[in-house]
Amino acid sequence: MAGAGRGLGRPYVSLNFVAADTNLLSPGVLTVDLDALAGNYRALCEAAAQATCGAVVKANAYGLGAAPVARRLWDEGCRHFFVATAREGAELRTVLAEAHIFVFEGVLEGSAGSVLDAELIPILNSIEQIGRWRRVGAARPAAIHVDTGMSRLGLNEAEVREVSRTGLFRELELRYALTHLACADVPTHPLNARQVRDFDRLITLLPDVRTSIGGSAGILLGPEFRGDLVRPGIALYGGSPFASGDSPMESVVTLEGVVLQTTTVGKQQTVGYGATHTVRSGARLATVGAGFADGYPRALGNRGVAFAAGTQVPVVGRVSMDLITLDVSGIAPAGVQPGDTVELLGRNVLLDDVARAAGTIGYDILTGLGPRWQRRYIP
């Protein structure tokens with residue numbers, strides 16, 4: 001799975017191996033490269049051309065820390081941020097006093113107070129939410145979500161026509177109408193164009209508002225898939241916007257686990273729970289203190305790789321709750337010792353390769369990283 005990523009045409013420069021503090025009571029270090037994050041944002045702004053480029057920082061900025069991520073993006077000129085819930089929005093407001101913070105869940109019965117107090121912009125998803133916002137916050141900015149194919153959140157065509165006919169949009173300070181592409185990660189999927197056509201048709205029934213269509217993949221599909229405001233998420237954090245191929249984005253996250261023990265096997269024997277892997281006599285194993293409790297997927301047993309002493313090495317046996325075993329037989333004993341660190345994710349073990357080996361997606365890997373990692377931000 002090791003390889004060189006590409007930053008929209010810019011080659012990566014390999015990082016030197018960085019040792020973690022082995023006295024930490026943690027599985028290792030999660031490093032977030034804020035310069036790489038900023039570089040990805042600038043590249044997406046350039047790709048978005050005339051559209052304004054916002055940032056999706058929901059789920060604690062995909063597990064990487066909403067506060068440091070949002071501050072750096074603000075410094076890069078980002079002014080529009082998207083979160084999932086009013087609670088996330090209220091927390092982000094304590095970090096960014098002047099940002100436009102949009103809430104995907106809209107305004108719920110119990111969240112209206114938080115939305116108003118934190119001066120958030122709800123994305124209204126239903127006739128019920130439109131009515132609620134008219135009662136409590138009509139003079140405040142809002143956005144409207146039109147469902148064109150996700151069948152998830154948002155008003156369907158019949159509901160758009162109803163609110164248009166009944167005038168429910170009157171008195172609302174609507175800033176944006178948005179939709180969400182279901183298959184943008186597959187550029188040739190016919191639903192992409194159909195959703196844009198349906199959206200263009202339906203927004204003629206709404207007041208004259210700006211539009212927001214594209215997320216990470218939509219930005220790169222072309223101008224018709226962007227709207228006036230784009231909402232990149234996974235691409236900011238180094239993941240590929242597309243379902244196949246290498247990521248065009250720069251790697252942002254590095255995970256380094258700590259070697260707890262090394263051992264040389266005296267005879268042919270199995271490794272880990274379930275005896276799913278057998279090593280030969282003389283094999284050298286390194287046990288790393290991280291596991292599925294830390295968000296390292298259990299599915300990577302006998303499938304994952306790590307990067308140790310400049311060499312790619314396989315994960316052998318099952319991933320345990322707190323432990324991973326690596327076969328380091330190809331590395332001289334002095335190269336991997338207790339207290340050393342190994343890269344489990346980073347520029348040599350790419351996020352999307354890890355996700356594919358685990359049978360999932362990069363979003364799942366990042367948001368699953370547990371609280372025991374020591375989080376470090378550079379520069």
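This is a short tour of the structure, stop by stop, with what to select at each one.

**Before you start**

The model is predicted, so local features need pLDDT of at least 70, side-chain atom pairs count only at pLDDT 80 or more, and totals for chains, interfaces and linings use all residues. Residues are numbered from 1 along each chain as its sequence is written, and side-chain values use heavy atoms, with hydrogens and water left out.

**Stop 1: the largest core**

Select Val57, Leu73, Phe81 and Tyr237. Of the 112 residues in the largest nonpolar core, these four touch the most other members. Helix α1 (residues 34-48) gives this core its largest share, 6 residues. A nonpolar core is a set of buried Ala, Val, Leu, Ile, Met, Phe, Trp, Tyr and Cys residues joined through side-chain atoms within 4.5 Å. Buried means under 20% relative accessible area, exposed over 50%, and partly exposed in between (1.4 Å probe, protein chains only). Helices (H or I, at least four residues) and strands (E, at least two) are DSSP runs, numbered from the N terminus.

Now centre on valine 57. What is valine 57 in contact with, leaving aside its neighbours within four places in sequence? The residues are Ala66, Val69, Leu73, Phe81, Phe82, Val83, Leu92 and Tyr237. Contact means heavy atoms within 4.5 Å.

A second, separate core has 6 residues, including Val271, Ala283, Leu285 and Val316.

**Stop 2: helix α3**

Select residues 66-75, helix α3. Its buried residues are Ala66, Val69, Ala70, Arg72, Leu73 and Trp74. They pack against α1, β5 (55-56), α2, β6 and α4 (86-93).

Pick out arginine 72 in this helix. Is arginine 72 buried or exposed? Arginine 72 is buried, with a relative accessible area of 18%. Leaving aside neighbours within four places in sequence, arginine 72 is in contact with Leu34, Asp35, Leu37, Ala38 and Pro379.

Step just past α3 to glycine 77, which takes a positive phi of about 105°. Then show arginine 79 and tryptophan 74. The charged end of arginine 79 sits over the ring of tryptophan 74, 3.6 Å from the ring centre. That label needs NZ of Lys or CZ of Arg within 6 Å of the ring centre and within 35 degrees of the ring normal.

**Stop 3: aromatic pairs**

How many aromatic pairs are there? The count is 5. Rings of Phe, Tyr and Trp (its six-membered ring) pair if their centres lie within 6.5 Å; planes under 30 degrees apart count as stacked, over 60 as edge-to-face and the rest as tilted.

Select tyrosine 62 and tyrosine 363. This pair is tilted, at 5.9 Å centre to centre and 35° between the planes. Tyrosine 62 is in helix α2 (residues 58-63) and tyrosine 363 in helix α11 (residues 362-367), 301 residues apart. Tyrosine 62 is buried at 6% relative accessible area, whereas tyrosine 363 is partly exposed at 35%.

Next, select phenylalanine 82 and phenylalanine 102. Their ring centres are 4.8 Å apart and their planes are at 15°, so the pair is stacked. Phenylalanine 82 lies in strand β6 (residues 80-83) and phenylalanine 102 in strand β7 (residues 100-103), so the pair ties together parts 20 residues apart in sequence. Both phenylalanines are buried.

**Stop 4: threonine 211**

Go to strand β11 (residues 210-212) and select threonine 211. Threonine 211 counts as buried, at 11% relative accessibility. Beyond four places in sequence, its contacts are Tyr176, Ala177, Phe199, Ile203, Gly227, Asp228 and Leu229.

**Stop 5: the largest pocket**

Where is the centre of the largest pocket? Look to Tyr62, His180, Leu181, Ile234 and Tyr363, which lie nearest to it among 36 lining residues. The pocket holds about 820 Å³ of space. The elements that give two or more residues to its lining are α2, α9 (216-221), α10 (351-357) and α11.

On a 1 Å grid over the protein atoms alone, a cavity is a set of points where a 1.4 Å probe fits but cannot get out, and a pocket is an open set with protein on both sides within 12 Å along at least five of seven lines; lining residues have an atom within 4 Å of a point. Grid points are joined across faces, edges and corners, and a volume is the space filled by probe spheres set on the points.
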